[in-house]
Amino acid sequence: MKQEVAKATLGVVLIIGLSLLFMWKFQGREDVISVIAMAFLFASVAFAWNIHALSGVVSLGHAAFFGLGAYGSALFAYYFKVGSWIILLVGGTIALGCAVVWHLFFEQLRGGAYTLATFAAAEIVRVVVDNWDSLTMGSSGLTNIVVLFSGTSEFYLVTMVLVIIAFLIHWAALKTCWGLQLRTVREDELAAYAIGVNPPRVRMVSLFVSAFITGLCGAIFVHRVTYLEPSMVFNLHISAMPLVFSFLGGRFTTMGPLIGAFLLYSVDQILLSPFLPSTHQAVYGFAIVITVSFMPNGICAWLARIPQNASG
Amino acid sequence: MAGSNSTECLRLDGIDALRKGRVVLSDVSFTVCNKEIVSIVGPNGAGKSTLFDVITGFLKPSAGRMYFQGRDITTLTPDRRCHLGIARTFQIARPFSGMTAVENVIAALIFGKPSTKVNKFGDSWVRDRAMEHLKMVGIHHKANTPACLLTLSEQRRLEVARALATDPSLLLLDEFAAGLSPQAIDEALALIESLRSRGLTLLIIDHFLNVTVRVSDRLVAVDKGRVVAEGAVKKVLEHPAVVSAYLGI
Amino acid sequence: MEQFVQLFIQSFSLGSFYTLLALGFALVFSVTHILNLAHGELIILAGYVAYVLEQKLSMGLWETLPIAIAISVVSLMVVVSFVLHQRRLSELHSLIITFGIALILQNCYLGTFSANYRIIFHKSRYFSLLGGHVFISSVQLYLITLSLGAIGGLYILFRKTFIGKALRATIQDRFAAQMAGIPIPRMQLLGMVLGGIAIGIAGPLYARVSYLHPAAGIEPTIEAIILTLFAGMGRIRILLAGGWLLGVAETTTAYFLGSQWREFVSAMVLVVILIFREARGRENSV
């Protein structure tokens, strides 16, 4: 346990150190800093997604949480003329509300059925937001959303703090007592029940934590880009991203989702996006297919395996 | 009632249970006393495993009540019953296959009783105690083997170790002796005796009547979801309803 | 009264078409147990092929169909065999991989055809029924004839031919079929070919009744999943009945609430079916 705490501390120090290094190295390159900040943001979503996935189910609908967080926060700011950081929490809370509904209806579902249900649930939320014109402005979208971050560096620091928090919660979901509970639940739910773990509650907590963080990320996102329309947040791509990052980086490692996000998002934005402006996102699909087929435990485990294979 | 220690441990009172709309238990009532070993016998599909599911809370009865140490547990979830001191094994072993044998037991040690403090997790004494449990069932040499790589009989012993790690006062063993070799059966019986000497109450499902009846204080015979006979071993085995249930006449 | 007959015609044609949409998915799922989330994308692919051939090269529907079918068969076979050759294959696994494939395809469409909404413009002729108050359009006639034709063809294949019966045996119990000497891989191949044909017919029709855009595949995928889960494996008649029911549900919603709520209804129906199946599966137990 002490060793794990030391590792987590090291992880936090590493994140802070590297991000400050980047900030110093790319001084004046707002575009690069902005990409790294977005990578941090989506890494947090990936952490959040994986916290839920660690309870043994795969969600293809986290876009619903992300989008509701974004819309909730933006609309709250618009209707109540609030411009403080509190509205971020509103975003998280609305996503949490959606998670409560999910929990009520999908509690019994497992495996493929759960994944399909989340897929459809995200679609339901999208259609509702898209068509509830009087509340959400529908497909015409929102513009001039309150800016919360005075500049790129501030946004960068906020996302850094966000990713550290998400990292710590994700670490807890792997290495602490809670992590052991999640592990027993995803290995065998009935056996977990028999040794005194309450699987429904464990899953519920992981879903709620996951949804809240995802909603928070959505809110931070929208107050950075300052405009919003349904297709921006409620799309397959947003649901896919955390899954891709977690699978790529390694779902059972504390740093996995962050590494995945960093590798893929920066490659995508810095290398691919300028050359393939409309097809660059296909790389996420390729990443899913390749990781799931060839390195099911993520790139770290895969890299660690190579020398073993070579020696025997 | 066998013995002088006839304090009530578990009492079932008119339990009915349904599975997929079919009645699988009807009006089941019996009592188990503390420190007793009771075997539940009956042919295939008699409802023995269903009875276990009901006692441990995996299946909600449609009628009737259950009391454990005088406390009504009818509506409690399986984890709460585990905390109160009811532990079980499954007919088909369900280890946490990705975890090592010792990790399986550690999990049970930590979550089996809510009073176990979180900060003890990972401390060497939890590990030591887990090793003790593994030693008791005789698989301590495989402590660091992933559970999925254990043989079937080792997995079953791991289940017992895991159930014991939750520190139960009532232990339910499902098909404990099925498919064991004669030598393994002797070991299993020795294990049961040592559990009894630790003061546990045991409820054992035995399909073949050949093993656990040797150590049981009492038998409860079940057929078609009903208790057809109950009492001393010899009396139950000679009971006409039991004979006809087994011979199918 | 006329309104309702009109609605009925619309439901009937759409419902038959939904069954056709689901056919490829259901066949692949029954024979290989793969839930193909890229199913809709393959239909959209066939749709785009038809769009290019008909709008740019001004070919007719009957000339486009064989080409669309050929392309669909090949692409479905590529997708499904890739998934089948995974080492650890579970339902969830197949969902995730085909989801990845769907993302790749969507972005390829985005690169090739841009995000514009496209439709095969079709000058509909209307035929009046019931003394002139009710109309049926030529598109609806196409939908009905082609869908029912494909479904009927498959039904006859299943019931009357030896190979169809072997395929049905494979669907019902793979292991028993294997023991009866039916070559499973070849049956899986046959399932893929038939599924590909269904997709190839559905694509060009889809491009007539609905707009093609890179992300349009979700809707047919959801409809296919709904009908397949509703009908279970290898039961064509129930699939058709489910298609009509869904057609009625969506047409009435579109009529009373507006067509933008159609997707809502299908997603909702999917969730309800999933929950209902699960509830039936476990009942009482925890």
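Good morning, colleagues. What we have here is a predicted model, in which local features need pLDDT of at least 70, side-chain atom pairs count only at pLDDT 80 or more, and totals for chains, interfaces and linings use all residues. Residues are numbered from 1 along each chain as its sequence is written, while chains are lettered from A and ligands numbered from 1 in the order in which they are written.

Let me stay with chain A. Helices (H or I, at least four residues) and strands (E, at least two) are DSSP runs, numbered from the N terminus. Helix α10 of chain A covers residues 199-225, and its 27 residues should span 39 Å at 1.5 Å a residue; the expected span is 1.5 Å times one less than the number of residues. The end C-alpha atoms of α10(A) are 39 Å apart, which agrees. Because 21 of its 27 residues are buried, α10(A) is largely enclosed by the rest of the structure. A residue is buried if 20 or more other C-beta atoms, placed from the backbone, lie within 10 Å of its own.

I turn to chain B and its contact with chain A. Here 23 residues of chain B are in contact with 16 residues of chain A, where contact requires C-beta atoms, placed from the backbone, to lie within 7 Å. On the chain B side, α2 (78-84) and α3 (101-112) each supply at least two residues, and α3(B) gives the most, with five.

Chain B itself is assigned domain 1 (1-85 + 168-249) and domain 2 (99-167); such bounds come from an automatic or database domain assignment. The C-alpha centres of these two domains of chain B lie 25 Å apart. Eight residues of domain 1 of chain B are in contact with nine residues of domain 2 of chain B. On the domain 1 side, α2 and α6 (182-197) of chain B each supply at least two residues, with α6(B) giving the most, three residues.

Finally, chain C. Its secondary structure comes to 11 helices and two strands, in the sequence pattern α-α-α-α-β-β-α-α-α-α-α-α-α. Of the 286 residues of chain C, 48% count as buried. Its C-alpha atoms fill a box of roughly 60 × 50 × 40 Å, taken along the principal axes. Among contacts in chain C between residues at least 6 apart in sequence, 78% join residues at least 24 apart.

Methods. Contact = placed C-beta atoms within 7 Å. Buried ≥ 20, exposed ≤ 12 C-beta atoms within 10 Å, placed from the backbone.
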